[in-house]
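This report looks at a few parts of one protein model and at how their residues meet. Please have the sequence and the structure open while reading.

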Amino acid sequence: MSAKKDLLVTFPVDLGNKSYESNFMSIFADDLDFYRFPEKETKPASDKLSLAKVILARVQAAFALRKVVKAYTKEGRKVIFHGISPALFSYGSWKPQQTAIVLDWTRNLYPSIQGNPLKKGLGYSLHRKILKAVPKLLCMTDAIKDNLGQLYGVKKEALIRVPAPLLVEKLNIPPRPTPPKPKVLFVGGDLKRKGADVLLQGFNKELREKCTLTMMTNDRAADVAGVNFLPGLTYGSPAHKKAFEDHDIFILPTRMDSYPVAIAQAAAAGLAVITTKFALGAKEVIINGTTGYIAETPEECIAKLDTLLNTPALIDEFKNKGYEYVHQKFGKENIRENYLKVLGIN
């Protein structure tokens, strides 16, 4: 790979990061070169053995990554890492003054918010070393910015707020009139963490009479009676887009998410949105009570859904205002200009 522009190293470790990778490549197609780490996709670890295999694969992929990063650094190009891991695996091949990291998550983000024991072992020490060495950390949420300052000791001047690369144009579907029986949509892979159990348990006879529920996930646990099970859809595909177009309300009663991207996708596609404050990017996308609901708990999401179903005019209001808000705030060119300014790229 020859160094033509500055380099963005993507890290598509999960579905959210895969979406970010695709969006980054679309937004900055004319401004940056791209390199995926690792080049060959590795499946998520489900046990200690598979975790060891994933780590080994990343160590092997690090040699290729280091070679690429070193070439860009030698030519005086900037290197931007999406996430800490690619910066860690290529440590020593980049120079801090030519480097930036874009983040919405650390290993201690969720424990710090949930009040659980922090992970302060070797991984924490290595991550802190990387984070404190890089002069520009681009933070997608206030939660990650606070986390980096308070738990990793990063200096305030290194922490820069940026919008998430949401690319709302990809699901630009103007709001549709809400039918007498609205259609409710859930999207997510990690059902327990995303509160799908709360949703399925709360989807009682009374709610079934007022709306339909679709679960867009590959997890067969969501394939239950009385629910539309929608597996196997690829993000951005015609079928994926149609699924959003066919629904009216998006609900994500999550217990913890660093952003998540799906709430912005739903608002961009003209759906009213209900989620929790534990979707740490929710307040970036939703004006609570004006363009959607941000509940205090997963259980409260069910009550908010009932409230919305009992107020049909409010569904349309949330749809219209939410659609306008995210398309104005997260337009492709706005995001592009923001990042390029922060990174000092002409």
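K319 is in contact with P175, R176, P177, T178, D248, G270, L271 and A272, leaving aside its neighbours within four places in sequence. The model is a predicted one. K319 is found in helix α13, which covers residues 312-329. Is K319 buried or exposed? With a relative accessible area of 0%, K319 is buried, because buried means under 20%.

The nonpolar cores come next. The largest nonpolar core has 78 residues, and L166, F244, I249, F250, V285, L308 and Y339 touch the most other members. Helix α10 (residues 261-268) gives the most to this core, namely seven residues. A second core is separate and has 34 residues, among them F11, Y72, I101 and Y124. In soluble globular proteins, nonpolar side chains tend to be buried together.

F250 has contacts of its own to list. Leaving aside neighbours within four places in sequence, F250 is in contact with residues including L185, F186, V187, A262, I263 and A266. L271, A272, V273 and I274 are also in contact with F250.

| α1 | F24, S26 and I27 |
| α14 | K332, I335, R336 and Y339 |

Helix α1 (residues 15-27) packs against helix α14 (residues 332-343) at an angle of about 85°, and their axes are 10 Å apart. Angles of 65 to 115 degrees count as roughly perpendicular, and α1 and α14 are therefore roughly perpendicular to each other. Four residues of the contact of α1 with α14 are nonpolar, one is polar and two are charged.

Note on methods:
Residues numbered from 1 in each chain as written. Predicted model: local features only at pLDDT ≥ 70, side-chain atom pairs only at ≥ 80, totals over all residues. Heavy atoms only, no water. Core = buried A, V, L, I, M, F, W, Y, C linked by side-chain atoms within 4.5 Å. Buried < 20%, exposed > 50% of the residue type's maximum accessible area, 1.4 Å probe, protein only. Helix = DSSP H or I, 4+ residues; strand = E, 2+ residues; numbered from the N terminus. Contact = heavy atoms within 4.5 Å. Axes fitted to C-alpha atoms, helices over the stretch in contact; angles between N-to-C directions. Parallel < 35°, antiparallel > 145°, perpendicular 65-115°, else oblique. Nonpolar A, V, L, I, M, F, W, Y, C, P; charged D, E, K, R; others polar.
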